[in-house]
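I opened this model to look up a few local features. My notes follow in the order I took them.

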Amino acid sequence: MFSLTDLHVPIIAAPMAGGASTPELVRSVSAEGGLGFLAAGYKTPDALAWQITDVQRSSRRPFGVNVFVPAPPLTDRTGVEAYRQELEGTAREHGVGLPPTRDADDDGFSGKVALLIEQQVPVVSFTFGLPPAEAVDGLHAVDSCVIATVTSVREAVLAAERGVDVLCVQGPEAGGHRATFTTAEEPGTTPLPDLISAILELSKLPLIAAGGIRSGAGIAALLAAGAHAVQLGTAFLRTEESGAHQAHKDALVNPNFDRTVVTRAFSGRPARGLRNAFIAEHDTTAPRAYPQVHHLTSGLRADAGRRGDPDGLALWAGTGFRAARDEPASVVLARLWQDTSRAE
């Protein structure tokens, strides 16, 4: 089974759903001694299978795949329909149809887990909740390392009891979705180093530190605090291998986008991104309904991407977003590790 100690460089490229995490990015990070991740979220099992095959065909290095744990069925249909009415004007303006509301959507969860078992993917992580025990057992049967993403001590304890092998501890400065176990929860604000320390008091599982990490000094401090590896997403968003929209990449260095905020406006789940016009208009009215809000805004976001309009995109980014650079991912990883070694 894969172990974090197998990594030459204890840096992981975070799985970024929506297109940013490409097979090219996975290969580049893994070839440099880190761990690359594919994001299964929002893909069909067939599309995920193609990406896994693409990675396996051209690299023998370990890699991971992240899977979203399904949310329970919708409880606030009234809130979602009110939000639909709020978005209809923008949708008409751009010729975008808003999809019907789904009571539930498991994002092809069982098919994806079956695929990962069949393909014997070395590392499988789960976000937005605990993986079912049968999923953990099935992955362990093919020697896959199972990671649970947690945002609190309580979640860490529950994940350890479920039998996972590693905990990915996500702090409050992380970009993109906060990985709370339920949609309704407000994410915690405990600083990442303090959260790492608190979890280490209760669990002996290896820990990955994630969220707002932007420098070698920050990496060195987290490793010294007890993390076995660190996970960075925003740092790789502007790389040549990233599949993020160009408008997203450009916004990370645009002085008009000067801060990040946590919002439910795009998906119904708390997520950190660059504050733009869409967030300014809709942040206070978005219901706590995931993935229903995600589906409701997906067409609008896709249209904004086609038009290159950053004010309509979900510009996911952590608090260290200004550190993202337009370079090959291998260069970003090598520089971060060199800076880490100097800081230790």
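Entry 1. I note at the outset that the model is predicted. I began with N276, which I found in the loop between strand 11 (271-274) and helix 10 (277-282). Is N276 buried or exposed? N276 has a relative accessible area of 3%, and with buried set at under 20%, N276 is therefore buried.

Entry 2. I then looked up what the side chain of N276 reaches. Another is the backbone oxygen of L313, at 2.8 Å. Leaving out residues up to four places away in sequence, I listed what N276 touches: F257, F266, P310, D311, G312, L313 and L315.

Entry 3. I moved on to helix 12 (residues 329-343) and helix 8 (residues 216-224), whose axes come within 7 Å of each other. At what angle do the axes of helix 8 and helix 12 cross? The angle is roughly 60°, and the two helices are therefore oblique to each other. I noted the crossing of helix 8 and helix 12 as right-handed.

Entry 4. Which residues meet in this pair? From helix 8 I wrote down G216, A217, I219, A220 and L223; from helix 12, L336, W337, D339, T340 and A343. By class, the residues of this contact are seven nonpolar, two polar and one charged.

Entry 5. I stayed with helix 1 and asked which of its residues are buried. They are P23, L25, V26, S28, V29 and S30. What covers the buried residues of helix 1? The cover includes helix 12, strand 1 (11-13), strand 2 (36-39), helix 2 (45-58) and strand 3 (63-68). Just after helix 1, I found G33 with a positive phi of about 105°.

Entry 6. Most residues other than glycine have a negative phi, and most peptide bonds are trans. The peptide bond from Y290 to P291 is cis, with omega near 10°. P291 lies in the loop between helix 10 and helix 11 (292-307).

Entry 7. I found Q120 with a positive phi, near 50°. Q120 sits in the loop between helix 4 (109-119) and strand 4 (123-127). F128 has a positive phi as well, near 80°, and I placed F128 in the loop between strand 4 and helix 5 (133-141). Is F128 buried or exposed? The relative accessibility of F128 is 3%, so F128 counts as buried.

Methods: Residues numbered from 1 in each chain as written. Predicted model: local features only at pLDDT ≥ 70, side-chain atom pairs only at ≥ 80, totals over all residues. Heavy atoms only, no water. Axes fitted to C-alpha atoms, helices over the stretch in contact; angles between N-to-C directions. Helix = DSSP H or I, 4+ residues; strand = E, 2+ residues; numbered from the N terminus. Parallel < 35°, antiparallel > 145°, perpendicular 65-115°, else oblique. Left-handed = near helix turned anticlockwise from the far one by under 90°. Contact = heavy atoms within 4.5 Å. Nonpolar A, V, L, I, M, F, W, Y, C, P; charged D, E, K, R; others polar. Buried < 20%, exposed > 50% of the residue type's maximum accessible area, 1.4 Å probe, protein only. Polar contact = N/O pair within 3.5 Å; in protein donor to acceptor, adjacent residues only side chain to side chain.
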